[in-house]
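Student: Hi! Could you walk me through this protein? I'd like to start simple and ask things as I go.

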Amino acid sequence: MPVHHRTHILRLPSVDIDQGAMVKRIRSRRPAASALHALAFTAMAACTCMSHAAALTVQVSDAGGQALQDAVVYAEPAVAQTLPKPQKPVEIEQKGRKFIPLVTVIQTGTSIAFPNNDTVRHHVYSFSPAKVFDLKLYIGQPENPVTFDKAGTVVIGCNIHDQMVGYIHIVPTPYFAKTDAAGKARIEGLPAGRYQIKAWHYGLPAQAQIPEQPLTMTASDSTASFKLDTKAR
Ligand SMILES: [Cu+2]
């Protein structure tokens, strides 16, 4: 690393090296010194960021103040930047003629497998603009996972069993979480910086604007809360 290299030079007895000579020496040995410095600073900035990540806990309730389970909360960086790519493969199982889990949140670009672990065949489909797809009648693992490369909400159903419904919320950020029975979601490892945090629930009217609020993360854990005007269920 150039940083270590420089430190090493600076530790040398400097009495017999004047500064001009030292600069010359660095330049001559490292023709791309400025580019390397830029790289080093980028690396340092990234390190600083990572070490200053903390957890964000978000409390979500409905208009009446009741805890809202299966709400999705996510943090979108206020300044455009390169974000970590989706890592883990995701599954939505069909079991007992239900989609499990009912609500799935993923980062844009994630693929989902839809294993059918029932003994009856299912025909999984979506007509949602964010992803239209169709997995014809099958049992077990369908041939290919489905990739979701557009942010938005996808409602999935089964052609055979009308009561089967599931929700996929696709977000353009790796920083997301889902609320538990107490209406609480925790986003771990959120780097310091400015964000718009958003909250979505399948009970919100489909055309409703997704509620959001600004948040500045520091090195300390933070909290936020949302009240969502969901339909009476
Ligand atoms: Cu079915």
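Student: What average pLDDT does the protein have?

Tutor: The average is 83, and 77% of the residues score at least 70. Here pLDDT is the predictor's confidence in each residue, from 0 to 100.

Student: Over which residues does pLDDT stay under 50?

Tutor: Residues 1-33 are one such stretch, and the model has 12 contacts beyond four places in sequence for them. Residues 35-49 also stay under 50, with eight contacts beyond four places in sequence. Two residues are in contact if their C-beta atoms, placed from the backbone, lie within 7 Å. Where pLDDT is low, the predicted coordinates should not be read in detail.

Student: Got it. How many helices and strands are there?

Tutor: The protein has three helices and 17 strands. They are DSSP runs numbered from the N terminus: helices are H or I over at least four residues, and strands are E over at least two.

Student: And what share of the residues is buried?

Tutor: Of the 233 residues, 23% count as buried. A residue is buried if 20 or more other C-beta atoms lie within 10 Å of its own, exposed if 12 or fewer, and partly exposed in between, with C-beta atoms placed from the backbone. As for contacts between residues at least 6 apart in sequence, 65% of them join residues at least 24 apart.

Student: Let's do sheets. In what order do β14, β1 and β17 come?

Tutor: They form an open sheet in the order β14-β1-β17, and the pairing is mixed. Two strands pair if DSSP finds at least two bridges between them. β14 (184-191) and β17 (222-228) each have a single partner strand, so they stand at the edges and one side of each is left without a neighbour in the sheet. On average, neighbouring strands of this sheet are turned by 25° against each other, direction ignored; the axes are lines fitted to C-alpha atoms, for helices over the stretch in contact, and angles run from 0 to 180 degrees between N-to-C directions.

Student: Do β1 and β17 run parallel or antiparallel?

Tutor: Parallel: seven bridges join β1 (residues 53-62) to β17.

Student: What else is V58 in contact with, past its neighbours in sequence?

Tutor: Leaving aside neighbours within four places in sequence, V58 is in contact with V73, A185, I197, A199, A224, S225 and F226. V58 is also one of the residues that touch the most other members of the largest nonpolar core, along with V60, A71, V73, A75, F176 and I187. That core has 36 residues. A nonpolar core is a set of buried Ala, Val, Leu, Ile, Met, Phe, Trp, Tyr and Cys residues joined through C-beta atoms within 7 Å.

Student: Nice. What about the sheet with β3, β7 and β10?

Tutor: Those three strands form an open sheet in the order β3-β7-β10, again with mixed pairing. β3 (90-91) and β10 (146-148) are at the edges, each with a single partner strand, so one side of each has no neighbour in the sheet. β3 and β7 (residues 110-113) pair in the parallel sense over two bridges: V90 partners I112, and E91 partners A113. β7 and β10 run antiparallel, joined by three bridges, with T110 partnering F148.

Student: Changing topic: is H122 buried or exposed?

Tutor: H122 is buried, because 23 other C-beta atoms lie within 10 Å. H122 lies in strand β8 (residues 122-126). Beyond its neighbours within four places in sequence, H122 is in contact with Q94, N116, C158, I160 and H161.

Student: Which residues have a positive phi although they aren't glycine?

Tutor: D70, at about 60°, is one of them, and R97, at about 55°, is another. D70 sits in the loop between β1 and β2 (72-77) and is buried, with 20 other C-beta atoms within 10 Å. R97 is in the loop between β4 (93-94) and β5, and R97 counts as partly exposed, with 13 C-beta neighbours inside 10 Å.

Student: Last one: where is there a cis peptide bond?

Tutor: A cis peptide bond joins I100 and P101, with omega about 0°. P101 is found in the loop between β5 (99-100) and β6 (103-107).

Terms used
Residues are numbered from 1 along each chain as its sequence is written. This is a predicted model: local features need pLDDT of at least 70, side-chain atom pairs count only at pLDDT 80 or more; totals for chains, interfaces and linings use all residues.
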